[in-house]
Amino acid sequence: MNTEATIARIWRGRTRPELADEYEAYNRAEGVPPLEKTALAVQLLREDRENETWFTTISYWPDMASMTAFTKGDPQAVHHLPRDKELLIELPQRIQIHRIVVNL
């Protein structure tokens, strides 16, 4: 991760286990590339549980201004991918914004 990051933007969503591989591929193809072009770094995490699979996307930004420019407005607003309604159990309603206080 770029050591210049001061802010992390975190999105979480969950899907049914039988759709997890499809959603992972879809998110990697449609959700991650726009972030890779603009953010300092991006991580896509997957947590397989018994009855659901959680995905977490973390993007790292130098400041709120760059994040706001990327989202074209409110950086906490969720911008759903076209197939999210079909593949996710529910549509996430918020993005978490965290200030990075330790970055090793």
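Two strands are said to pair if DSSP finds at least two bridges between them. The strands themselves (E, at least two residues) and the helices (H or I, at least four residues) are DSSP runs, numbered from the N terminus. The structure described here is a predicted model, in which local features need pLDDT of at least 70 and side-chain atom pairs count only at pLDDT 80 or more, while totals for chains, interfaces and linings use all residues. Residues are numbered from 1 along each chain as its sequence is written, and side-chain values use heavy atoms, with hydrogens and water left out.

Strands pair through backbone hydrogen bonds, in either a parallel or an antiparallel manner. In this model, four strands form an open sheet with antiparallel pairing, in the order β2-β3-β1-β4. Because β2 and β4 stand at the edges and each has a single partner strand, one side of each is left without a neighbour in the sheet. On average, neighbouring strands of this sheet are turned by 20° against each other, direction ignored; the axes are lines fitted to C-alpha atoms, for helices over the stretch in contact, and angles run from 0 to 180 degrees between N-to-C directions.

Strand β2 (residues 41-48) runs antiparallel to strand β3 (residues 53-61), and eight bridges join them.

Helix α2 (residues 64-71) lies across β1, β3 and β4, and runs at about 45° to β1.

A salt bridge is a side-chain nitrogen of Lys or Arg within 4 Å of a carboxyl oxygen of Asp or Glu, and a search of the whole structure finds twelve. One of them joins Glu 24 to Arg 28, with the closest N and O atoms 3.4 Å apart. Because these two residues are four residues apart in helix α1 (residues 20-38), about one helical turn separates Glu 24 and Arg 28. Glu 24 is partly exposed at 22% relative accessibility, whereas Arg 28 is exposed at 54%; buried means under 20% relative accessible area, exposed over 50%, and partly exposed in between (1.4 Å probe, protein chains only).

Another salt bridge links Glu 86 with Arg 83 at 2.9 Å between the closest N and O atoms. Both partners are partly exposed, Glu 86 at 49% and Arg 83 at 26%. Elsewhere, salt bridges that share partners join Arg 12, Arg 14, Glu 47, Arg 49, Glu 52 and Glu 90 into one network. Within it, Arg 49 and Glu 47 meet in a salt bridge of 3.1 Å, N to O.

The segment after β4 (96-99) contains Val 101. Val 101 is exposed, with a relative accessible area of 63%. Together with Val 102 and Leu 104, Val 101 makes a nonpolar surface patch of about 410 Å². Patches are made of residues with over 30% relative accessible area and no salt bridge, like charges being joined within 9 Å and nonpolar side chains (Val, Leu, Ile, Met, Phe, Trp, Tyr) within 5 Å. Accessible areas come from the Shrake-Rupley method with a 1.4 Å probe, and for residues only the protein chains shown count as cover.

Technical notes
Contact means heavy atoms within 4.5 Å.
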